[in-house]
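Thanks, everyone. Let me put the structure up, and then I'll walk through it.

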Amino acid sequence: MKLINLDVLAAEATNDTARTLTISLFVVFVILTLGITIWASRQTKSAADFYAGGRSFSGFQNGMAIGGDYMSAASFLGIAGIIALSGYDGFLYSIGFLVAWLVALLLVAELLRNSGKYTMADVLAFRMRQKPVRTAAAVSTITVSIFYLLAQMVGAGALVALLLGIKPGATFLGMDADAAKQLTIVLVGVLMIVYVTIGGMKGTTYVQIVKAFLLMTGALVMTIMVFAAFKFNLSSLLGNAADASGKGEAFLQPGLRYGVESADALKTLWSKLDLLSLGIALVLGTAGLPHILIRFYTVPTAKAARKSVLWAIGIIGVFYLMTLALGFGAAALVGSANITAQDKAGNTAAPQLAQALGERYLGGETGGSILLAVIAAVAFATILAVVAGLTLASSSSLAHDFYANVIKSGQASERQEVNVARISAFGIGAVSIVLAIFAQSLNVAFLVALAFAVAASANLPAILYSLFWKNFNTSGAVWAIYGGLITAVGLVILSPVVSGAPTAMFPNADFDIFPLSNPGLVSIPVGFFCGWLGTVIGRDKADPAKFAELEVRSITGAGAH
Amino acid sequence: MSTDTPDNSRYVAVQATDEFAGLRKSLRNFIFPMTVAFFLWYALYVILCAYARDFMAIKVIGHVNVALIFGLLQFVTTFLIAWFYSRYANQRLDPIADRIRAELEGPEDAK
C-alpha cells in the first residue's frame, strides 16, 4: 500500500503475505459463519424462527447484532476515510448516526416490539386496510434495502481490488482488477443468499454478533495503538493530523467538506443547507430502516428490546468515538497523499493505518502485513454481515407483507410463507448481484444517504403517526409512504449527485434543478405533510377501537407475539 | 394480528381506565419533551457547524476546539438520556405496564 514508495521488491513480497493472510482470515470467517448458519438452520422450524430468530436472543446479544447490522463498511471505512481526508466533517456522520438511536429508543423500539410480529408493516397495517398499506410498506422496505445493498456490494467490489492491492493493469491469480471486482460482488451475493435462506434470522443474527465483536476488537486495538503513538495525548494527535493534512487548524474545524464557504453567495447558501439536510436525514433515518426495525422482534419482550437498544447505543457510540481516532490517526500517520494515491475517496485509510501501526508496533513489515490483513478481513466480514441483514429485511417484507397478506389475503400457511421468504431472498440476492455488477462503474456512494433519506421521509412519518395519532388512517399511511418515497427519490434524481456536476453519476447530462445533494430537508417534511393530508382528505375513518387495541398493546405489551 | 382478535372491547375498556391513562401520560410526558430536547440540542450543533465557524474554531485546550467538545458533548448527552430513560422506564413505567398486562391476559391465556 504505502510501500509503493519503498523498495518495489519488498513491497511485492509484503503485499503477497498480506494478501494470503487476508484471504486465509476471510476464509476462516466464512467457514465459521457458515458453520453457525447450518447449526442455526437445524433450529429454524417455525415462521417466528425464520423471521425473528425465535424471539430468543438476549438484550446484549441483540444489541451486538444491531451494532453488527448498523456499523457498515460505510461507517468503518467511509467515516475513517472522510476524517482522514476532510478532517472534522467526517465526525458529523458519527454524531448523526449515534444521536439517531434516541429516536429509536424513545419513540419506536418498545412500542414496535409489543405491537408487531415480523415486519415494520405489522405495525403500520395494524389498524388499517391490510392490502394498500402492506403493499406500500413492502415497496418502501425493498427500495430502502436495495439502495443500501447496492452501495455495500459495489463498495465491496471496489474494496477488494484495493485491499488485495490489485492495481489497474496488474493481475492477481490471473484476474485483473475488474474481474476481481465482479468475482467479489458475486461471492458476497452468494454468501448473503446462503446465510439468509439457510440460517434465517437466527443464523444472520449470530453472523452479526461475530462481526460486531471482530470489528470492535479491531477498532479498539488500532485506537489504542494510535493513542500510544501520541503518548495518549489527544491534542498532540489532533495537532499532528492538522499539520500532516497541510490544511492546518481548518482540518480540525467544520467546513472543509460540508457547508463549504465560497465567493459565490448562492453556492454557499446551498452548501450550508445541504449540511443541515444531511444532518436531519442522518438523525431521523435510523428509526425507519427496515433491517434495523426487524431486529427488535428477535427478543422476547419490550424490556429486552429496550436493553438491546441501550447496548447498541453503548457499542455504536464507542465505535464512532474510535473512528475519530482512526481518521485523525490515518491523517497523522499515513498522510493524505498516501491515502489518495490508493483511493481518492479515502476508503482505504483505515487499512492503510493498520499497516502503518503494525509496522510500528508489531515488528516491521511483517507486522504491518499482519495487521493490514486482519483489518481487511474484518472489513469484508463487515460487508457480508450488513448485506445479509438487508437481504433478510427485504425478503421478510416480500413474503410476510406482500405474498402472505396481499396476494394470499392472510391465508398462507407458515410453511408457505417461509418458503416464499427463502425464494425471495434468493431472488433479491440475484437481482442485487446483477444490479451491482452493472452499477460498479457508477458513483454509488450517495445510495446510503439516499436510503436514510427515504427511511426518514417515508417510513418514519408512517410509524410515528401509526403509534401516536388516533385519527391516522389507511390513506394517510399510504400517502405518507409514497409521498415521502417519491419526493426523496425524485429530488435525488434532480440533484447534482445524479447529473450536472463533475462527480455526478451522469456527469455529461444536465438536469440538476434541485440544488441539494441530500433531499431530507424537503422530503422529510413532505412525508409528514402527506401523511397528515392523506388522513384529512381520506374517506375511510380511523377505527377508535382498533387504536385502543394498538395503544394498550404497544404500551403494556399485552397480547405481544 | 388485529384480525385474529375481532373482539377488542377489552382493550377499549382498559384504555378508558385511569390506571392506563396515567401510564400513557407518564410515558408521553417523558418521551415527547425528551425527544424535542435532544433534537433541538442536536439541531443547535448542526446549525453551529454550518453558521458559527468562528465560534466552533475557538481553541480550548491545545488543539482541542469548541467544535470537538460540542461533538463529544453530543455523545455524552446521548449516553445520559439513554441511561436516564432506562431508569425512568424501569421504575415508573414497567411495574404499571406489567400490572395492566397481567390483568388483561389473565391466568388462563398466559402464553
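First, a term: two residues are in contact if their C-beta atoms, placed from the backbone, lie within 7 Å. This is a predicted model, so local features need pLDDT of at least 70 and side-chain atom pairs count only at pLDDT 80 or more, while totals for chains, interfaces and linings use all residues. Residues are numbered from 1 along each chain as its sequence is written, with chains lettered from A and ligands numbered from 1 in the order in which they are written.

Start with the interface. On chain A, 46 residues are in contact with 47 residues of chain B. Helices 5, 9, 10, 12 and 20 of chain A each give two or more residues to that side. Helices here are DSSP runs of H or I, at least four residues, and strands are E runs of at least two, both numbered from the N terminus. Helix 5 of chain A gives the largest share, 9 residues. By class, the side of chain A that touches chain B has 27 nonpolar, 10 polar and 9 charged residues. Nonpolar means Ala, Val, Leu, Ile, Met, Phe, Trp, Tyr, Cys and Pro; charged means Asp, Glu, Lys and Arg; the others, Gly among them, are polar.

Stay with helix 5. In chain A, helix 5 packs on helix 12 at about 175°, axes 9 Å apart. Axes are lines fitted to C-alpha atoms, for helices over the stretch in contact, and angles run from 0 to 180 degrees between N-to-C directions. Helices 5 and 12 of chain A are therefore roughly antiparallel, the term for angles over 145 degrees. Among the residues that meet are A:Phe97 and A:Trp101 from helix 5, and A:Ile313 and A:Tyr320 from helix 12. That contact has 15 nonpolar, 6 polar and 3 charged residues.

Now the whole chain. Chain A has 20 helices and 0 strands. Its C-alpha trace spans about 75 × 60 × 45 Å along the principal axes. Of the 561 residues in chain A, 65% are buried, meaning 20 or more other C-beta atoms, placed from the backbone, within 10 Å of a residue's own; exposed means 12 or fewer, and partly exposed is in between.

Last, two loop residues. A:Lys231 has a positive phi of about 55° although it is not a glycine. A:Lys231 sits between helix 8 and helix 9 of chain A, and is exposed, with 8 other C-beta atoms within 10 Å. A:Ser409 is also not a glycine, and its phi is positive, about 50°. A:Ser409 lies in the loop between helices 15 and 16 of chain A.

Notes: Parallel < 35°, antiparallel > 145°, perpendicular 65-115°, else oblique.
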